[in-house]
Number of protein chains: 2
Amino acid sequence: MIIDKLIESILKKENPSVVGLDPRVSLVPKHILNECFEKYGKTPKAVAESFYLFNKGIIDATYDIIPAVKPQVAMYEMYGTDGFESYIKTIEYAREKGLIVIGDIKRSDIASTAKAYSDGHIGIIDIEDNKYEIYKEDFITVNPYLGIDSIEPYFDNCKNNEKGLFVLVKTSNPNSGQLQDLDVGGMTLYEKVGGLVNEWGQDLMGKYNYHSIGAVVGATHPSQAEKLRKIMPNTFFLVPGYGAQGGKAEDLSVCFDKNGIGAIINSSRGIIGYYQKNDKFSDENFADGAREAALNMKEDLKKCFK
Amino acid sequence: MIIDKLIESILKKENPSVVGLDPRVSLVPKHILNECFEKYGKTPKAVAESFYLFNKGIIDATYDIIPAVKPQVAMYEMYGTDGFESYIKTIEYAREKGLIVIGDIKRSDIASTAKAYSDGHIGIIDIEDNKYEIYKEDFITVNPYLGIDSIEPYFDNCKNNEKGLFVLVKTSNPNSGQLQDLDVGGMTLYEKVGGLVNEWGQDLMGKYNYHSIGAVVGATHPSQAEKLRKIMPNTFFLVPGYGAQGGKAEDLSVCFDKNGIGAIINSSRGIIGYYQKNDKFSDENFADGAREAALNMKEDLKKCFK
């Protein structure tokens, strides 16, 4: 069960955090960008390759202290086929280094289409008995607006290939409440979705009492996370919004159970862009910056377990 | 304004329908598949190329009678970078033939990430003053679960590049009601979203009193479409679910205004898979089958305007 692997990696590394690999041109050190521009011209291919080299540096500098990475596919998708090549190479490299990969793809569609996303991202493509794994994420994020028949098509691949999901329940953005906080009869929409996700995962229960159908629960809403922890006792949380978006470690203890498990906290810019905000670091040692930021975060997150 | 172009193309061709280009191996004629397997082996590249050739045949046989096509990105994404190459080539070819392209991508994410989807799909990527259009859709579909700050990042590209959106309001799948039909205080969630979408588009109003922020409204729920037409007088509907999913033309008149405009009806398998269901056609003349199916649909849709 992939959720057990994730929990065991968190326990072993004593670090419930995931590094968001959300590269953008403004975050990539100049010497990497220029190297790629020289090789490929000022093209999407150059930018995409620079993202991979940037990610590789960050992974090399952090893989021994973090359990997982979360590439945000939009940053790669933006650059077309070259971007997807970079996304896939990043995933392969992270997995080689023993990291668990959460593909932040937030897909949503009707069943027959969801099946295509499922097979491509967490399944196996069979072309006349030739088998291909295309994206190779361990977990992917999905959006629940279409209901259970848009989520079910992922379950078989979760069972058969040891994969998992994180379903958007309460997101970290400022206007997440516009729909998610609506009262749907004695509870909010996000609480309703939370209850459903907790049920949906029951067939994928692991040995730590969490199942492989997790939930995205924003760090920017701690009191809401607290409610959700009660509604969803078996659901592991992926928590975005820590750091750059304003979420604080002190507020996150509500996401964890009495054994100190139950959640993984994401930081993206706070880790990969740390070298730009700290005089100790420069373009050349951006990866050392990422390591320091990851260690700082690990230390900070100890406040979650009081 | 792209919505005016879409409406004018519908009026000129007297056909409010869009052909869903959702290829899958089982739908591609054997001779096309085998040609690609011979060239590229039994690989994702071969399948992706067969999709492009299949689409090209369908576009060539129908572009003079239909206003638009709607490629479903999942079918391509499933095959990785090769799949995206096929998706992009399909879009380019459809646009060369004068068709409006609705990219069915149903993306959703927080603002900074939505901006990446927006720039990649309907914007312009600037790499040190070199400009690239990556996907080149005219419209894309998006999911509203994260609220307005996840939709706003698309508006500038809609304004500056003559592009549009279709926001999921009420989807066509059997369990769409699980969240969308919840009562959120005197109205359903989908009605709430519908009202919001109608507002969001007011800055992108075209000359036919419809704006470029459209809505996805499933054909499988006619009474709900009727309610939405009232709540969203300025919102153009993209209507999936006709044909294979069970939606009937008779029920769709509620989507149109008194001038016979206001909606475009999608059919995917019903058009591109028609040759497999009709003895008159074989693998060799699959495209003639698509044309006949498209003409049948055009005729059938006349029932929408009583």
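## A buried loop residue

In this predicted model, Ile66(A) is found in the loop that runs between α3 (44–62) and β2 (68–71) of chain A. Ile66(A) counts as buried because 29 C-beta neighbours lie inside 10 Å, where 20 or more are needed for that label.

Setting aside residues up to four places away in sequence, Ile66(A) touches Lys13(A), Asn15(A), Ser17(A), Val18(A), Val19(A) and Ala294(A). Leu6(A) stands 60 residues from Ile66(A) along the chain, and the C-alpha atoms of the two are separated by 11 Å.

One of the residues touched by Ile66(A) is Val18(A), and Val18(A) in turn stands opposite Asn266(A), a residue of β10(A). Strand β1 (residues 17–21) of chain A and strand β10 (residues 263–267) of chain A run parallel and are joined by three bridges.

## The nonpolar core

The largest nonpolar core has 199 residues, and the residues with the most contacts inside this core are Val167(A), Val239(A), Val167(B) and Val239(B). The element that gives the most to this core is helix α3 (residues 44–62) of chain B, which supplies nine residues.

What does Val239(A) contact once its neighbours within four places in sequence are left aside? Its partners are Val217(A), Gly218(A), Ala219(A), Leu252(A), Cys255(A), Ala263(A), Ile264(A), Ile265(A) and Asn266(A). Asn266(A), as described above, is the residue of β10(A) that Val18(A) stands opposite.

## How the two chains meet

Chain B can be laid on chain A by a turn of 180° with a shift of 0.0 Å along the axis, and the RMSD is then 0.0 Å. This is the relation of a two-fold axis. The same surface serves both copies, since 100% of the contact residues of chain B recur in chain A.

The contact takes 56 residues from chain B and 56 residues from chain A. On the side of chain B that touches chain A, the elements that give two or more residues are α3, α4 (73–77), α5 (80–96), α6 (111–122), β4 (125–127), β5 (130–132), α8 (177–180) and α9 (189–200) of chain B. Of these, α6(B) gives the most, with six residues. By kind, the residues on this side of chain B divide into 27 nonpolar, 19 polar and 10 charged.

Terms used. Residues are numbered from 1 along each chain as its sequence is written. Chains are lettered from A and ligands numbered from 1 in the order in which they are written. This is a predicted model: local features need pLDDT of at least 70, side-chain atom pairs count only at pLDDT 80 or more; totals for chains, interfaces and linings use all residues. Copies are superposed by least squares on the C-alpha atoms of residues with pLDDT of at least 70 in both. Two residues are in contact if their C-beta atoms, placed from the backbone, lie within 7 Å. A nonpolar core is a set of buried Ala, Val, Leu, Ile, Met, Phe, Trp, Tyr and Cys residues joined through C-beta atoms within 7 Å. A residue is buried if 20 or more other C-beta atoms lie within 10 Å of its own, exposed if 12 or fewer, and partly exposed in between; C-beta atoms are placed from the backbone. Helices (H or I, at least four residues) and strands (E, at least two) are DSSP runs, numbered from the N terminus. Ala, Val, Leu, Ile, Met, Phe, Trp, Tyr, Cys and Pro count as nonpolar, Asp, Glu, Lys and Arg as charged, and the others, Gly among them, as polar. Two strands pair if DSSP finds at least two bridges between them.
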